[in-house]
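Please have the sequence and the 3D view ready.

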Amino acid sequence: MKLPAEKIETAAPKNDVRYYLHGAYLNVETSELVVTDGHILVKHSVELDADDISGIIPLEAFAYARRMKAERITTARAPVLGAPTAYVNGASFPLIDGTYPDYTKVMPEAGEVTICLDLTLLDKIRKALFERTGPTSKCVVSLQITDQHSSVRVESNDNVAVIMPCRKM
């Protein structure tokens, strides 16, 4: 998979008891990389390698790839034991063994309604979608709101994120 310029992994939690959230889910069927912390969700279209497999890539693989200025993270089964593994410039990172949340269930349909948003979560999405390792890009998004109880869909180009609804203020 080609490493996205956007730091999508910033949407993942740092310390969460749900260990399967400590990574980004690569879905090879849809060519998407998905990250959630349970409050926001970021989905990014990615360019896959021919042999990539679906799985949860640990955050450490992204940190290592950015430190090494790597352009790709490859996912495959390890040659000896067949364990799902992420590879970055020869370094290996076991994929996280767990079931990633079904992110397709929280993706709202387009619509219009007034809801309350936590702006710190919107800023977290801004960092996940637009904060690049190089020059910054313009932060223009489309917000799609179905009703006051549904999540908010944030779109920019091929990137999609979701903010979960707030409880009443």
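With a relative accessibility of 55%, Asn 89 counts as exposed; the cut-offs are over 50% for exposed, under 20% for buried, and partly exposed in between, using a 1.4 Å probe and protein chains only. Before going on, note that this is a predicted model, in which local features need pLDDT of at least 70 and side-chain atom pairs count only at pLDDT 80 or more, while totals for chains, interfaces and linings use all residues. Residues are numbered from 1 along each chain as its sequence is written, and side-chain values use heavy atoms, leaving out hydrogens and water.

Most residues other than glycine have a negative phi. Asn 89 is not a glycine, yet its phi is positive, at about 45 degrees. Lys 69 also has a positive phi without being a glycine. Here are the two side by side:

| Residue | Phi | Relative accessibility | Loop between |
|---|---|---|---|
| Asn 89 | about 45 degrees | 55% | β6 (84-88) and β7 (91-94) |

Two strands count as paired if DSSP finds at least two bridges between them.

Which strands form the open sheet, and in what order? There are three, in the order β5-β6-β7, with antiparallel pairing. β5 and β7 are the edge strands, each pairing on one side only. Ignoring direction, neighbouring strands of this sheet are turned by 35 degrees against each other on average; the axes are lines fitted to C-alpha atoms, and angles run from 0 to 180 degrees between N-to-C directions.

**The helix before Lys 69**

Lys 69 follows α1. The buried residues of α1 are Leu 59, Ala 61, Phe 62, Ala 65 and Arg 66. They lie on the same side of α1 because they cover an arc of only 160 degrees around the axis, taken from the directions from the helix axis to the C-beta atoms. Glu 60 and Arg 67, on the other side of α1, are exposed.

What do the buried residues of α1 pack against? Their partners are β1 (23-27), β2 (32-36), β4 (55-58), β6 and β7, where contact means heavy atoms within 4.5 Å.

Terms used: Helices (H or I, at least four residues) and strands (E, at least two) are DSSP runs, numbered from the N terminus.
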